[in-house]
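Subject: Handing over a structure

Hi,

Here is the structure I said I would pass on to you. Have a look at it first, and then read on for what turned up.

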Amino acid sequence: MTLFSPYLRVLLMFPAFLLALAAPVLAQGDWETNAESELALERGLAWLARTQGTQGNWESNDLGLVSLGVLAFLSAGHMPGRGKYGDNVDRALQYIVKNAKPSGLLNIADAQRDLYNHGLTAFVLGQAYGMTEDPAVGKTLDKALKLIANTQCDDGGWDYRSRRQVHGHDLSLAVMQAKALRSAVDSGFEVRNDVIKLAIQSVRDHYKADNGARGLDERAKEGGGQFTYDGHRPTAAMAACGVVCLQEFGQYDDWRIAKNLDVLSKEISRLPPVKKGSGEVPFDAYTLYYVGQAIYQAGGDPWRQNYPVLRKYLIEAQIRKPESPAEDGAWRDTRWVRGGKPELLYGTSVGCFLLAIPNRYLPILQEGKIEGLREKLGQK
């Protein structure tokens, strides 16, 4: 019996899937998308297409960054081999599949980036498979998912390197594997219950209350608190990662979610003034990527009040240099990937993804709550 085996998608999901291929879901209003945001998105996609290169990897050997380029196109409704950017999507996916290792590992860069590149890439492959059912993508994804299960540490987390050990390293790794596993569920793969349950336990253990209580300690419910990198170092990125992890695993009623959404709202309200035309994304690309998903998954006021702030910031910060095709339409990361085309690839991919969310093309943006997953975990 395999760890992950294909199964038929829930019938209720199928019409939404077909709708996504035909046309974007109508946005909830001009606060989600408008002419300015659509133009900024198109400029970003044009930059990605113009600078991709013949190998399809934007001069980066980090498969995670290449996969974010794929995600930007998919989230705007562009499918492999079809339409305006079909060739761009196809070349990037081929680069990823070609460079997958026999073990299933999706990393060809430094081994210290094994599970960063792997988790992020597996997530995007899951979304691509859900939209295309490409057998080559499916085969690569199946092996990648088995590796995630086999490298899960005894405490439910993951290490930077592709290896199983007693303790996982930090929440930034857990969130990437969480999204890969949820993506697999969305796209027709069954995920082992024990892997999910242990991961949920690990995520909760990264929560720290202002009173010092951690994890499952009942005192942690008292007062404020937020998710941390490793039990310490609370940041906006980790607050977002914790929210995303719990929601990906169907833990929508977890009391930690609301506390961390409060943290994110405060952080968004404190963003510095935008430097117009600088290309600098709000926060940094890593943080923005998860903040956007956290507030979208929460919906309601967290999404309605905060998304327009991030959208406006991106529109104003986008580089506008028609005389410089190497930069025009791009955004840049401000922290983790610095210098050259990969810096712009990271920022632009995340910027496009954020602006495309209201179209709800991706399977992970369409399904909403996975009640079946909650039932499987014994949480009605």
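K221 pairs with E218 in a salt bridge, with 3.6 Å between the closest N and O atoms. By salt bridge I mean a side-chain nitrogen of Lys or Arg within 4 Å of a carboxyl oxygen of Asp or Glu. K221 is partly exposed at a relative accessible area of 40%, while E218 is exposed at 55%. Those words have cut-offs: buried is under 20% relative accessible area, exposed is over 50%, and partly exposed is in between, using a 1.4 Å probe and protein chains only.

Before going further, please keep in mind that this is a predicted model, in which local features need pLDDT of at least 70, side-chain atom pairs count only at pLDDT 80 or more, and totals for chains, interfaces and linings use all residues. Residues are numbered from 1 along each chain as its sequence is written, and side-chain values use heavy atoms, with hydrogens and water left out.

Back to the pairs: the structure holds 25 salt bridges. D205 and R214 form one of them, their closest N and O atoms being 3.5 Å apart. D205 is partly exposed at 40% relative accessibility, and R214 is partly exposed at 31%. Another joins the side chains of D254 and R256, at 2.9 Å from N to O. Here D254 counts as buried at 10% relative accessibility, and R256 counts as buried at 4%. There is also a network, in which salt bridges that share partners link K321, E327, R332, R338 and E343.

The average pLDDT of the chain is 88, and 89% of the residues score at least 70; pLDDT is the predictor's confidence in each residue, from 0 to 100. Over residues 1-24 pLDDT stays under 50, and the model has 44 contacts beyond four places in sequence for them, a contact being heavy atoms within 4.5 Å. Where pLDDT is low, the predicted coordinates should not be read in detail.

**The largest pocket**

The largest pocket has about 690 Å³ of space. Of its 25 lining residues, Y116, S172, Y286, W336 and Y346 are the closest to its centre. (On a 1 Å grid over the protein atoms alone, a pocket is an open set of points where a 1.4 Å probe fits, with protein on both sides within 12 Å along at least five of seven lines; lining residues have an atom within 4 Å of a point.) Helices α3, α5, α7 (171-186), α9 (236-248) and α11 (285-298) each give at least two residues to the lining; helices are DSSP runs of H or I with at least four residues, numbered from the N terminus.

Which residues have a positive phi without being glycine? E59 is one, with phi near 60°, and E133 is another, with phi near 55°. E59 sits in the loop between α2 (35-51) and α3 (63-75) and is exposed at 59% relative accessible area. E133 lies in the loop between α5 (114-132) and α6 (135-151) and is partly exposed at 46%.

Lastly, take a look at V185 in helix α7, which is buried with a relative accessible area of 15%. V185 and I364 are 179 residues apart in sequence, yet their C-alpha atoms are 9.3 Å apart in space.

Cheers

Note on methods
Grid points are joined across faces, edges and corners, and a volume is the space filled by probe spheres set on the points.
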